[in-house]
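Good morning, and thank you for making time for this presentation. Please look at the structure as I speak.

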Amino acid sequence: MNDMRPVERIVDTDKPKIAARGCQVYYGENHAIKDVDVDIEDKAVTAFIGPSGCGKSTFLRCLNRMNDTIDVCRVEGDIRIDDEDIYDRKVDPVQLRAKVGMVFQKPNPFPKSIYDNVAYGPRIHGLAKDKAELDEIVERSLRRGAIWDEVKDRLTAPGTGLSGGQQQRLCIARAVATEPEVLLMDEPCSALDPIATEQVENLIDELRQNYSVVIVTHSMQQAARVSQKTAFFHLGNLVEYGETGQIFNNPKDPRTESYITGRIG
Amino acid sequence: MQDPHISAAFDRDLEAIQAMIMKMGGMVEAAIVEAADSLERRDMEMAGRVRLNDKAIDELEEQVNEEVARLLALRSPVASDLRTVLSVMKISGNLERVGDYAKNIAKRTAVLIDLPQVDGATSAIRRMARAVEAMLKDALDAYIQRDADLAEDVRNRDVEVDQMYNALFREFLTHMMEDPRNITSCMHLHFIAKNIERMGDHVTSVSEQVIYLVTGEAPDDERPKGDSTAYEKLEIQ
Ligand SMILES: Nc1ncnc2c1ncn2[C@@H]1O[C@H](COP(=O)(O)OP(=O)(O)O)[C@@H](O)[C@H]1O
Ligand SMILES: [Mg+2]
């Protein structure tokens, strides 16, 4: 695969983790996502890029049915995770969101201790049979969030007392605590300073080992650094989707070229 | 033409480095012609000028490299912008090498002036130099016009230069066998011919950069090659 980084080019590409076909999203009259087809790979990072308002967040929210919570929002089409229709009536959206975790632009820890922030999901989903097992899940999740060493001595301190970058990694730890298979991230670094951004980017790269990661980003450089696949959205259309190296070195569509090179298209 | 960038300064910088390439290209074209002319006319003054001008070409290359580094750091260009910046860097390197060969020819001219003439050699060398200069002119035109077809045409013309070199190589061998007093001149003339043949290779590389710039892909390796002197044997009766 044509990753931007020479040593990272080998990713296995069998069945897609997520497959969307003919996806349409309307907010009342506003047709926000227009007939999007896309296959998203497992164990890979997929970046969604495009100008503000093009529908990146909207499409991302389709993948864990977060749009269900918006009254005016209507989603059509077929979206499958592991070949299972996630909009099927049998599917419980709460269970789905445990399987498809989400991290937002602004870190949003609960006003609780660091420990409870991470333990919350496993508790409500009954993932631990006793305290010892819960402790284990909390530690493993904080380690996956690359923040364990920084917080292990103050697990009872409030999550909101951490720095912005630490809060974001805590939110990632919280998202992985329910053993999700897909991680959705909506501009996870845009509220962070460069060092915290770099830490989160490194973390995203590690998460790729275990998850299918989809990240919305405004930073072209970030998309090029962390992703293997890139999707360019424009006015609700998926204009171009391909290997990140191809999108950034030699995009096929002039709209993609204009956007990534910073031209007035 | 592409749409302008949101940052007008980026457009200006990209234009500026390409203008530097064109300036360098003009100087190198002149160097090729003057190096060959000064040899044929035994014009020491012109040969001296070629050597002097090479310093200016080298300085221009340094400037291009600095500008390229600055642009990469400030703008992190991608896609066609990245290809433009990379092609500028490579082309300036090729042009600088061609300039060096011209200077080398001018140095040998200073030696050859005091040696016996070899019939027809300098006019044949001048024809070869003209062919390379015409290739360079077309390669630079192809660059400015983003004309991959013209660049491909230039690429295919390198074989003619190779053939001219082959012919000269054999001629010099014959002269040296006929009369050992020709050896010093012919050795110098042979290096000059070889220098021009190498110039052709660098011009070919410039045209390959144009193809990469326009299409996003390096051209395939299937290009006619005409230099067979590596397999040439000296037959002594
Ligand atoms: N909750 C909402 N209610 C109504 N319209 C929305 C809502 N969220 C997004 N939109 C509209 O949908 C379109 C796409 O927005 P969004 O998905 O947020 O774009 P992006 O994430 O690419 O900036 C925009 O026209 C926006 O105004
Ligand atoms: Mg958004």
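Predicted model: local features only at pLDDT ≥ 70, side-chain atom pairs only at ≥ 80, totals over all residues.

Let me begin with a term: two residues are in contact when heavy atoms of theirs lie within 4.5 Å.

Leaving out residues up to four places away in sequence, B:H190 touches B:Y165, B:F169 and B:F172. Where in chain B is B:H190 placed? The residue belongs to helix α6 of chain B, which covers residues 183-215. Is B:H190 buried or exposed? Its relative accessibility is 17%, and buried means under 20%, so B:H190 counts as buried. For a sense of distance, take B:G26, which stands 164 residues away from B:H190 along the chain. The C-alpha atoms of these two residues are separated by 26 Å.

Let us now step back to chain B as a whole. Its secondary structure consists of six helices and zero strands, and along the sequence the pattern reads α-α-α-α-α-α. The C-alpha trace spans about 70 × 40 × 25 Å along its principal axes. Of the 237 residues in chain B, 49% are buried. I would also draw your attention to the contacts in chain B between residues at least 6 apart in sequence: 85% of these join residues at least 24 apart.

In soluble globular proteins, nonpolar side chains tend to be buried together. In this model, the largest nonpolar core has 61 residues. Which of its residues touch the most other members? They are B:I32, B:I125, B:F172, B:L189, B:I196 and B:M199. At least two residues of this core come from each of α1 (8-41), α2 (44-75), α3 (79-112), α4, α5 and α6 of chain B. You will recall B:F172 as one of the residues that B:H190 touches. B:I196, for its part, is in contact with B:I105, B:I125, B:M128, B:A129, B:V132 and B:V161, when neighbours within four places in sequence are set aside.

Next, the way helices pack. Two packed helices are described by the angle between their axes and the distance between the axes. In chain B, take helix α4 (residues 121-145) and helix α5 (residues 148-178): their axes come within 10 Å and cross at roughly 165°. Angles over 145 degrees count as roughly antiparallel, and α4(B) and α5(B) are therefore roughly antiparallel to each other. Their crossing is left-handed. By class, the residues of this contact divide into 18 nonpolar, no polar and five charged.

How do α3(A) and α6(A) cross, left-handed or right-handed? The crossing is right-handed. The axes come within 7 Å and cross at roughly 30°. Since angles under 35 degrees count as roughly parallel, α3(A) and α6(A) are roughly parallel to each other. In this contact, A:I114, A:N117 and A:V118 of α3(A) meet A:L170, A:A173 and A:R174 of α6(A). The classes here are four nonpolar, one polar and one charged residues.

Let us stay with α3(A), which runs over residues 114-124. Its buried residues are A:I114, A:Y115, A:N117, A:V118, A:A119, A:G121 and A:P122. What covers them includes α4 (131-144), α5 (148-151) and α6 (164-176) of chain A. Just after this helix, A:G126 takes a positive phi of about 60°.

That brings me to backbone angles. Most residues other than glycine have a negative phi, and most peptide bonds are trans. Which phi does A:R65 have? A:R65 is not a glycine, and yet its phi is positive, about 60°. A:R65 sits in the loop between α1 (56-62) and β4 (73-81) of chain A, and its relative accessibility of 11% counts as buried. A:D35, likewise a residue other than glycine, has a positive phi near 55° and is found in strand β2 (residues 30-41) of chain A.

Strand β2 of chain A also contains A:N30. With a relative accessible area of 47%, A:N30 is partly exposed. From A:N30 to A:C189 there are 159 residues in sequence, and 28 Å in space from C-alpha to C-alpha.

Thank you for your attention.

Terms used. Residues numbered from 1 in each chain as written. Chains lettered and ligands numbered in written order. Heavy atoms only, no water. Helix = DSSP H or I, 4+ residues; strand = E, 2+ residues; numbered from the N terminus. Buried < 20%, exposed > 50% of the residue type's maximum accessible area, 1.4 Å probe, protein only. Axes fitted to C-alpha atoms, helices over the stretch in contact; angles between N-to-C directions. Parallel < 35°, antiparallel > 145°, perpendicular 65-115°, else oblique. Left-handed = near helix turned anticlockwise from the far one by under 90°. Nonpolar A, V, L, I, M, F, W, Y, C, P; charged D, E, K, R; others polar. Core = buried A, V, L, I, M, F, W, Y, C linked by side-chain atoms within 4.5 Å.
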